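I am opening this notebook to record, step by step, what I look up in a structure that is new to me.

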Amino acid sequence: SEKMKEKITMQMLAATGFTAWFHLTFLPSANLLAWVFLAMTLDLITGVIKAVVLKEARTSSGYRKSVIKFTQYAGAILVGMIMGNALPKGYSIVQYVNDGILILLIYIEATSIFENLYAIDSTSPFSKYFISPILKLLTFAIKKTPLAQTDPDANK
């Protein structure tokens with residue numbers, strides 16, 4: 001009947017409003033969060049492909065590392081959310097910090113994805129002219145800088 005439809009419409013409106021309020025109040029950028037999840041998934045897939053191609057054993061300890069990484073990422077995101085909701089609503093800096101955390105996680109995962117892709121095949125032209133330069137950009141060619149050397153007496 002008409003009253004029932006009106007009641008359901010009001011309930012749907014209230015639920016939608018509550019969901020929007022909850023999202024805006026408590027959750028970090030959904031777009032960045034989705035990219036973090038996608039990057040983690042791609043890193044896992046490329047890591048498994050790398051292990052298959054290089055004939056490395058895929059062990060439970062390797063998968064456990066992925067679970068630990070996910071737990072660490074989720075913990076960092078949750079701490080950011082708690083901080084954002086513990087402070088008064090005028091502090092927009094917390095949103096920037098939360099988005100910064102997500103961007104850092106995406107950067108870490110993207111670097112790992114390109115490392116996996118390069119390890120899968122480092123000799124192809126695509127690898128030499130596309131993957132390798134991007135990997136060097138992402139890592140700032142860290143392996144070749146004096147700061148990254150493990151032995152401080154190596155340059156003497």
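Predicted model: local features only at pLDDT ≥ 70, side-chain atom pairs only at ≥ 80, totals over all residues.

**Entry 1: the cavity**

The volume of the largest cavity is about 30 Å³. I then looked up which residues line the largest cavity, and I noted Pro28, Ala76, Ile77, Gly80, Met81, Asn98, Ile101 and Leu102. Helix H3 (60-86) and helix H4 (93-120) each give at least two residues to this lining, and the largest share, four residues, is from H3. Sorted by type, the lining of the largest cavity holds six nonpolar residues, two polar ones and no charged ones.

**Entry 2: the nonpolar core**

I looked next at the largest nonpolar core, which consists of eight residues: Leu32, Val36, Met40, Tyr73, Ile77, Met81, Leu102 and Leu105. Helix H2 (30-53), H3 and H4 are the elements that contribute two or more residues to this core. As background I wrote down that nonpolar side chains tend to be buried together in soluble globular proteins.

When residues up to four places away in sequence are not counted, isoleucine 77 touches Pro28, Leu33, Leu102 and Leu105.

**Entry 3: the pocket**

What volume does the largest pocket have? I read off a value of about 640 Å³ for the largest pocket. Its lining is made up of 23 residues, and those that lie nearest the centre of the pocket are Asp43, Leu44, Gly47, Gly62 and Ser66. H2, H3 and H4 each supply at least two of the lining residues, with the largest share, nine residues, coming from H2. I also noted the division by type in the lining of the largest pocket, which is nine nonpolar, seven polar and seven charged.

**Entry 4: two single residues**

Is asparagine 116 buried or exposed? Asparagine 116, which I found in helix H4, has a relative accessible area of 7%, and because this is under 20% the residue counts as buried. Leaving aside neighbours within four places in sequence, I listed Asp43, Thr46, Gly47 and Lys50 as the contacts of asparagine 116.

I then turned to glutamate 56, which is located in the loop between H2 and H3. Its relative accessibility of 38% makes glutamate 56 partly exposed. With residues up to four places away in sequence not counted, glutamate 56 touches Lys50 and Ala51.

**Entry 5: the aromatic pair**

How many aromatic pairs does a search of the whole structure find? I found one aromatic pair, formed by phenylalanine 126 and phenylalanine 130, with 4.9 Å from centre to centre and 25 degrees between the planes. The pair counts as stacked because the planes are under 30 degrees apart. Both phenylalanine 126 and phenylalanine 130 lie in helix H5 (residues 125-139), where they are four residues apart, about one turn of the helix.

Phenylalanine 126 is exposed, because its relative accessible area of 52% is over 50%, whereas phenylalanine 130, at 38%, is partly exposed.

Conventions: Residues numbered from 1 in each chain as written. Heavy atoms only, no water. 1 Å grid on protein atoms, 1.4 Å probe; cavity = no way out; pocket = protein on both sides within 12 Å on 5 of 7 lines; lining within 4 Å. Points joined across faces, edges and corners; volume = space filled by probe spheres on them. Nonpolar A, V, L, I, M, F, W, Y, C, P; charged D, E, K, R; others polar. Phe/Tyr/Trp six-rings, centres within 6.5 Å; stacked < 30°, edge-to-face > 60°. Buried < 20%, exposed > 50% of the residue type's maximum accessible area, 1.4 Å probe, protein only. Core = buried A, V, L, I, M, F, W, Y, C linked by side-chain atoms within 4.5 Å. Contact = heavy atoms within 4.5 Å.
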